[in-house]
Amino acid sequence: MNREITFKFENKVWIYNTVKAAWHFITLPKSLAQEINDLFGDQTKGWGSIPVEVSVGETKWLTSIFPDKKKKSYVLPLKAEVRKSENISEGKTVKVEITIGM
């Protein structure tokens, strides 16, 4: 049986700098991360990632959320194309919908 569950949340965008790039992320609320882990933790891919469909504003795309052990949550990467089309920058609070299939 295939079904999807959609989760809604909002949080601030933060940057993780590397030598070659600055990656933009949004951290999922811990309670939401726990619920997702309980439901989908046995369906992870590489690096513990979980494939998701994301909606931010008018933009939808496919990506994955990744576990962050320090934050005890998942993080959602925001690619440059999405940030540009939705006018998203570091520190901005963003409303997010993620859909995960079962």
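**Burial, fold and strand pairing**

Trainee: Of the 102 residues of the protein, what percentage count as buried?

Mentor: This is a predicted model, in which local features need pLDDT of at least 70, side-chain atom pairs count only at pLDDT 80 or more, and totals for chains, interfaces and linings use all residues. Residues are numbered from 1 along each chain as its sequence is written, and side-chain values use heavy atoms, with hydrogens and water left out. Buried means under 20% relative accessible area, exposed over 50% and partly exposed in between, with a 1.4 Å probe and protein chains only. By that rule, the buried share of the 102 residues is 38%.

Trainee: In what order do the elements run from the N terminus on?

Mentor: The protein has two helices and six strands, taken as DSSP runs (H or I, at least four residues, for helices; E, at least two, for strands) and numbered from the N terminus. From the N terminus on, their order is β-β-α-β-β-β-α-β.

Trainee: Which residue in β2 is the bridge partner of W14?

Mentor: Strands β1 (residues 4-17) and β2 (residues 22-27) run antiparallel and are joined by five bridges; two strands pair if DSSP finds at least two bridges between them. They form a hairpin, with four residues between them. In β2, the partner of W14 is F25.

Trainee: Which residue in β5 does H24 stand opposite?

Mentor: Strand β2 also pairs with β5 (residues 73-78), in the antiparallel sense and over four bridges. In β5, the residue opposite H24 is L78.

Trainee: Does G57 count as buried or exposed?

Mentor: G57 lies in the loop between β3 (50-56) and β4 (59-68). Because its relative accessibility is 56%, G57 counts as exposed.
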